[in-house]
Amino acid sequence: MYFCWTDAPDITMKRQVLLVFSAVALHLVLGQVSYSIPEEMSKGSLIGNIAQDLGLDIKRLNAGKARIHMGDNAEYIQLNKERGLLTIREKIDREALCAQTTPCALHLQIALENPIEIFSVTVEITDKNDNAPVFEKEERRFEISESAVVGSKFMLEKAIDPDIGLNGLQSYSLKPSDNFILKVHSQSDGGKRAEMILQKPLDREKEEFISLLLTAVDGGEPQRSGTMQIHITVLDANDNAPVFTQPIYKATVQENSVKGTLITKVSASDADKGSNGEVSYVIGNSVKSILEIFHINEDGELILNGPINYEKTKKYEIDVEAVDRGGLSDSCKVIIDVGDINDNCPIIKIISTSISIGENSKSNTVVAVMSVSDPDSEENGKVRCAINKNTPFTIMSTSSNLYSLVTDSELDRETASEYNITVTCSDEGLPSLSSSVTLTLQISDVNDNPPVFERSSYEAYIVENNTPGVSIFTVKARDADWNQNARVSYILEESSVNGVPVSSYVSVSADSGVIHAVRSFDYEQIKDFKFYIKAQDGGSPPLSSNVTVKILIQDQNDNPPQVLYPVQTGGSLVAEMVPRSADVGYLVTKVVAVDVDSGQNAWLSYKLQKATDRALFEVGLQNGEIRTIRQVTDKDAVKQRLTVIVEDNGQPSRSATVIVNVAVADSFPEVLSEFSEFPHDKEYNDNLTFYLVLALAVVSFLFITCLVVIISVKIYRWRQSRILYHSSLPVIPYYPPRYSDTLGTGTLPHVYNYEVCRTTDSRKSDIKVGRTGSQNMLIMDPSTTGTMQRIQSEKNILDEPDSPLEQKPPNNDWRFTQGQRPGPSGATGGPEVAMGTGPWPQPPTEAEQLQALMAAANEVSEATATLGPGTMGLSTRYSPQFTLQHVPDYRQNVYIPGSTATLTSNPQQQQATAQQATQQALPPPQASAQAEPPKAAQTPASKKKSTKKEKK
């Protein structure tokens, strides 16, 4: 505690500042500051620097939304938050504000928020001599008997000065003072009353009328005064004055007593007789409020004439005068104590309150501060406050009349988003009175709940061949939070399906959670896949949860059956041989087909669509086996042509057809004589001369091209050597590798693999030429009607990486033999070459390349002449010694259309292949990437006599 005296430049009197700080529980800081200012200060005058006196920063006043709470008092004082000053808002009249109450002070509170702080400020209003003493009446008349004895007393009217202290009434003076002197009496309430005392006998014969001037003077500066004219009429003798039985009377009356209540009775007697002995009573107080509340009758009974309130006035002092007919009088004092009753309810005033509070607020967080008062006294003024139950709040008293509403447990907006808190305050009177106030408190949301999906996982179905962008399924998540914290966004988690980002399969709408298909699905490529969707709210920081979604693709009948056997060839004629001695049920062959669809879409059925003789053969509906249904006779034609249709069970059904040629004969020559007369397909050209000329033209073109290229290279190298010869820079020769030509842009390939198949019928000869650096095979048939441009276009199609006709890369277990490795004439390298770590073989020269090209043309003509007669392109399986044991086991081998690979399930064959691969040397890195894959296993219908030569 400390005292500080300061002088304001615009205030002429000193000001006392009292600053008291006390720490109160619940982090509510209370401070008390007292100021003293004179009344009647002009508007805007400075009271004090409240920020400095309280030790507060100006920023704190603005951030805390500082405001003044003055209760029932008028708005006399205002707060300048920008400067932290208390100033006069309205001129203060102490007399109007406090009357005679001293000290006169204004009590106010300064409230701050965030955190809530309350500071009490007391502004004492000091009195100025701004009021002169005033008499209620301007004149007073007395009738005094001339027989009045010396020392007779005459009560004079009391002058009223609203000021207090030195500025109040100080003294009276009476002029002239020939017959009367003035005696002043001080009262317990600080007031003064005057009596006029006769000091010299009166003589009516000398002076019947006397005029006196009574002057009341205060002690202020400048001094002020008031006067009253006294007129005295001298009467004949009445020498006895009334006398009260006691000088002071005391009485008690309860507040709110009804009008007409008898308070007390005073009594005075006069020794005179007759009219001079008749006494009348009057109230000597000239205060208007007293005359309105009390009155006295002729019998001396003091009666209540108006309402009284303990909270306004607790005690009354009344001067009663007894006067006889002769003008003599006496006076006494009546002291009335007002008794309190419980007639006032507690008054609740909200000083500061919060509209909303976060659900993550800690316990004992202040929600509201209120002041509670009861004007009643003693037990009637004691107050207790409570709030409604089942709420996470409690109310606590922080000082004599201040209460704080605080939290006492955790808040959860999802359980209750709003509280209506009723504060009820009751006094301890009988009967008890109470009052209440209801506070509405909003619980603001905090992002404390993650989104929750309706299900732990989802499964959705979609039919293959769907339209991209179609809606598949909708996921839904809910967030128990509110507003932005409850706004859920859906995000597709990054993952991959078979090495492909899942975002290339599906997408999810961020707002609605609708899952869309990005591409058209193919059941044969992917049957199902999983991915994760994250639901994330809009809070800060955001919360999220994941869910697994599984998409199941349903099959459609979008693939026709594919016939694996018999293989349909365009140039060669394949026939199945049936002996004429075959019995009923003889197994001719078996049509093998597959359907890449699934379920009933892959159930295949076999039907005989057309046949040369329907009465001779039948096809198994489920297994595709072609059997005889009667005994073969000599009348049956040797050439039998069967058309078998393979259908699946889908809706709509898809089908494929295969033509099976059957030879009914007992000997192989008989079959040859009959099948040599088969008409050729329209697809092939019978004019062999055209193809020979075409082949010659192609070879000539290639030869001329090679010559031009070789000459160009020679000239280019000669010019380069000349440039380097004339240059002063050191020559570093560099020869670009020409061993491998992966893109097909070199001069000539270095290794040629070709296969020539010739028959006696030269029109059905085949030549197959393969080159390194490509896995594709070019097939040329003399009977074909295409041109070199058609062959070149097919080659380009096969070279496209996305072409469906492109062959798959060979298995890693396939290896080349030592003779198939690139090198000069199939030369065998040392151990380091076999292991793939030695030096590369020397590339062939242009002469060797040209020689290889010419040799390839000669081999074609030589192969034509060396084929024996009678073969006709038929496989040896059609010899008379052929039996059903030569039919391949289709459970062991699977032939994939369009591929040169043969997949086998024979463990011994796989083991033998693996052992052979380990013994063979690995090819060089570039050569291995361009190596030709091994030939597929030959089917019974495709076995031919072939001659393989390798040229380099």
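Modeller: Happy to! Strands here are DSSP runs of E with at least two residues, helices are DSSP runs of H or I with at least four, and both are numbered from the N terminus. This is a predicted model, in which local features need pLDDT of at least 70 and side-chain atom pairs count only at pLDDT 80 or more, while totals for chains, interfaces and linings use all residues. Residues are numbered from 1 along each chain as its sequence is written, and side-chain values use heavy atoms, leaving out hydrogens and water.

With that rule, the protein chain has eleven helices and 59 strands. Of its 952 residues, 40% are buried, where buried means under 20% relative accessible area, exposed means over 50%, and partly exposed is in between (1.4 Å probe, protein chains only). If we call heavy atoms within 4.5 Å a contact, then among contacts with a separation of 6 or more, 67% are between residues 24 or more positions apart.

Let's start with the backbone. Most residues other than glycine have a negative phi, and most peptide bonds are trans. Pro 652 sits in the loop between E52 and strand E53 (655-664), and the peptide bond that joins Gln 651 to Pro 652 is cis, with omega about -5°. Another cis peptide bond lies between Tyr 565 and Pro 566, with omega about 0°; Pro 566 belongs to the loop between strand E45 (562-565) and strand E46 (575-578).

Two asparagines are worth a look as well. Asn 465 is not a glycine, yet its phi is positive, about 60°. You will find Asn 465 in the loop that runs from strand E35 (457-463) to strand E36 (471-474), partly exposed at 39% relative accessibility. Asn 483 likewise has a positive phi of about 60° without being a glycine; its loop is the one between strand E37 (477-478) and strand E38 (488-492). At 52% relative accessibility, Asn 483 counts as exposed.

Now for the charged side chains. Side chains of opposite charge can pair when their charged atoms come close. I count a salt bridge when a side-chain nitrogen of Lys or Arg is within 4 Å of a carboxyl oxygen of Asp or Glu, and the whole structure holds 17 of them. One pairs Asp 613 with Arg 630, whose closest N and O atoms are 2.7 Å apart. Asp 613 is in the loop between strand E49 (604-611) and strand E50 (617-619), and Arg 630 is in the loop between strand E51 (625-628) and strand E52 (639-648), so this pair ties together parts 17 residues apart in sequence. Asp 613 is partly exposed at 21% relative accessibility, and Arg 630 is partly exposed at 22%.

Glu 625 and Arg 627 also meet in a salt bridge, at 2.9 Å from N to O. In that pair Glu 625 counts as buried at 19% relative accessibility, whereas Arg 627 is partly exposed at 28%. Elsewhere, Arg 94, Glu 95 and Asp 127 are linked in a network of salt bridges.

Asp 270 lies in the loop between strand E20 (268-269) and strand E21 (279-283). Beyond its neighbours within four places in sequence, Asp 270 has contacts that include Asn 240, Pro 242 and Asp 324.

Finally, the sulfur links. Taking a disulfide as a pair of cysteine sulfur atoms within 2.5 Å, the count is two. Cys 98 is joined to Cys 104, with 1.8 Å from S to S, and this link is right-handed, with 65° about the S-S bond. Cys 98 is buried at 12% relative accessible area, and Cys 104 is buried at 2%.

The sulfur atoms of Cys 385 and Cys 425 are 2.1 Å apart in their disulfide. This pair links distant parts of the chain, 40 residues apart: Cys 385 in strand E29 (residues 383-387) and Cys 425 in strand E32 (residues 418-427). Both Cys 385 and Cys 425 are buried.
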